[in-house]
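Student: Could you walk me through reading this fold, feature by feature? I would like the general idea each time, and then the case at hand.

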Amino acid sequence: MPQKPSVLFVCVHNAGRSQMAAAWLSHLAGDGIEVRSAGSAPADQVNPAAVEAMREVGIDITAETPKILTVDAVRASDVCITMGCGDTCPVFPGKRYLDWALEDPAGQGVEAVRPIRDAIRKLVEDLIEEIAPEATAS
């Protein structure tokens with residue numbers, strides 16, 4: 001059986017966009033894709049508005065904590081996705097690098113975070129279809 005693909009979501013604080021993206025990918029692909037998220041300057045906690053926005057769609061990210069971006073995390077991932085935050089990943093040959101231009105939810109209320117959450121879901125669905133169509137939960 002081929003090794004399952006792995007995805008790393010990167011955002012400076014690893015508190016909003018990257019956490020929502022990781023949660024969507026885990027939710028939508030189940031165990032079909034290995035999921036990581038990290039940031040170059042992790043915040044103390046996940047953005048409460050992101051937590052609330054995800055709760056509204058039945059996904060609980062209250063237990064998540066922002067993590068520091070490491071070279072090992074990049075090396076272990078097939079696809080590295082930055083989230084329009086100006087963060088850069090160490091570059092290794094044979095990896096795919098994508099940048100999703102998404103508005104920063106930091107400091108915004110849940111009303112402003114909902115459209116970001118929904119945009120991330122669409123991007124994640126397209127990503128699953130591309131890298132692991134068999135992982136799509138029916």
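Tutor: Gladly! Let's start with a backbone angle: Gly 58, which follows helix 2, has a positive phi near 80°. Helices here are DSSP runs of H or I with at least four residues, strands are E runs of at least two, and both are numbered from the N terminus. This is a predicted model, in which local features need pLDDT of at least 70 and side-chain atom pairs count only at pLDDT 80 or more, while totals for chains, interfaces and linings use all residues. Residues are numbered from 1 along each chain as its sequence is written, and side-chain values use heavy atoms, without hydrogens or water.

Student: And at the other end, which residue caps helix 2?

Tutor: Asn 47 caps the N-terminal end, with a side-chain oxygen 2.7 Å from the backbone nitrogen of Ala 49. Such a polar contact is a pair of N or O atoms within 3.5 Å, one able to donate a hydrogen and the other to accept it; neighbours in sequence count only if both atoms are side-chain atoms.

Student: Which residues of helix 2 are buried?

Tutor: Buried means under 20% relative accessible area, exposed over 50%, and partly exposed in between, using a 1.4 Å probe on protein chains only. In helix 2 (48-56), the buried residues are Ala 49, Ala 50, Val 51, Ala 53 and Met 54. They pack against helix 1 and helix 4, where contact means heavy atoms within 4.5 Å.

Student: How do helix 1 and helix 4 cross?

Tutor: Two packed helices are described by the angle between their axes and the distance between the axes. Here the axes come within 9 Å and cross at roughly 50°. That makes helix 1 oblique to helix 4, as angles under 35 degrees are roughly parallel, over 145 roughly antiparallel, 65 to 115 roughly perpendicular and the rest oblique. Among the residues making the contact are Arg 17 and Trp 24 of helix 1, and Ile 120 and Val 124 of helix 4.

Student: Is Arg 17 buried or exposed?

Tutor: Arg 17 counts as buried because its relative accessibility is 5%. Its side chain reaches the backbone oxygen of Leu 102 at 2.8 Å.

Student: How many residues does the largest nonpolar core have?

Tutor: In soluble globular proteins, nonpolar side chains tend to be buried together. A core here joins buried Ala, Val, Leu, Ile, Met, Phe, Trp, Tyr and Cys residues through side-chain atoms within 4.5 Å. The largest has 35 residues, and Phe 9 and Val 124 have the most contacts inside it. Helix 1 gives the most to this core, with eight residues.

Conventions. Axes are lines fitted to C-alpha atoms, for helices over the stretch in contact, and angles run from 0 to 180 degrees between N-to-C directions.
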